[in-house]
Amino acid sequence: MDILRAIGTTSLVQLHRIVPPGCADVFVKLEWENPTGSVKDRLAEAVIARAEEDGRLQPGDTVVEYTGGSTGASLALVCAAKGYRLRIVSSDAFSREKLDQMAALGAALTLVPSEGGLTTKKLILDMIEAARTLSQEPHTYWTDQLNNQDSIAGYYSLGEEIWSQTAGRIDAFVHCVGTGASSRGVATVLKRHKPGMKIVVVEPAESSVLLGGQARPHGIEGIGIGYAPPLWEPTLVDDIVPVSTADAKDMARRIAREEGLFAGTSSGANVVAAIHVAERLGRGSKVVTLMADSGLKYLNTDVYRNR
């Protein structure tokens, strides 16, 4: 069996201890069951396969991308399996585990310095520009995740899995916005099945640009790029919930201790927002969100270290 066939078909489990009484049921999809421990494996498989199909990516080419880490590890897995070289632009703003995982899977790293280890609009733009420079070299394919429509299709299967695993009994889907591709891909599928489905997206409270706020530094890795991402499709979204970095990290620690689910910071933000939605919907409804990646990617960050 090819390693790429191990992507997808992840478990869906219910939260029990951290959801207050009187709320809707809250379920989480364990995307850390993907080979690199992240939902981004779905994106990487789709963008590489589609580029191969239409000739944008040829045998012997080098793939280039800018990433906070999870997309880079996922691309490294796919490129290793298919025999492509990979060059990644990342930053010290992202966990050491993510950087080490990308390198372990064969990626050559270029690191852009951050402002105090925080995600800012300037950092994202600097990373994009560094990737653009690398992409101008011959025989190079730039996956350009923030602008690549192929990535949306990578999440259609995730939407279908959620629909199937809930037997269609789902009232709301909640997920953070980074590139916007995952929430858009899932929303496209779920709203096709059930037009009244509530799609709720999450962004850092410190940089709540989708709600019209100012772009500011925050510490939730992989989301909140400081501006509306090009793949953002507001017509599919029913609500936007801002969650602070502190609350996201605290919830990540809580779901580890109280539910036995070991996830990253954005997953903590997802659960904070999902409980907020569940409180509004009340008993008898079902809310689904994602454990976007594994807590193993954050062991040496302040989410888990020395606690």
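Phenylalanine 173 sits opposite isoleucine 199 of strand 8. That is my starting point today. Keep in mind that this is a predicted model.

From strand 7, the chain passes through helix 7, residues 181–193, and on to strand 8. This β-α-β crossover is right-handed.

How many bridges join strand 7 to strand 8? Five, and the two strands run parallel. Strand 8 covers residues 198–204.

Now look at the partner called strand 10, residues 286–291. Strand 7 pairs with strand 10 too, again in the parallel sense, over three bridges. Phenylalanine 173 turns up here as well: valine 288 in strand 10 stands opposite this residue.

So much for pairing. Next, the side chains.

Strand 7 spans residues 172–176. Is the strand mostly covered or mostly open? Mostly covered: five of its five residues are buried. Ala172, Val174 and Cys176 point one way. Phe173 and His175 point the other way. All of them are buried.

Why does aspartate 150 count as buried? Because its relative accessibility is 12%, and buried means under 20%.

What does aspartate 150 touch? Leave aside the neighbours within four places in sequence. Then aspartate 150 is in contact with Ala46, Val47, Arg50 and Arg56. Take Arg56 from that list. The side chains of arginine 56 and aspartate 150 are joined by a polar contact of 2.7 Å.

To recap: strand 7 is bridged to strand 8 and to strand 10, and aspartate 150 is buried.

Notes
Residues are numbered from 1 along each chain as its sequence is written. This is a predicted model: local features need pLDDT of at least 70, side-chain atom pairs count only at pLDDT 80 or more; totals for chains, interfaces and linings use all residues. Side-chain values use heavy atoms; hydrogens and water are left out. Buried means under 20% relative accessible area, exposed over 50%, partly exposed in between (1.4 Å probe, protein chains only). Helices (H or I, at least four residues) and strands (E, at least two) are DSSP runs, numbered from the N terminus. Two strands pair if DSSP finds at least two bridges between them. A crossover is right-handed if, with the strands pointing away from the viewer, the path from the first strand over the helix to the second runs clockwise. A polar contact is a pair of N or O atoms within 3.5 Å; within protein, one must be able to donate a hydrogen and the other to accept it, and residues adjacent in sequence count only if both atoms are side-chain atoms. Contact means heavy atoms within 4.5 Å.
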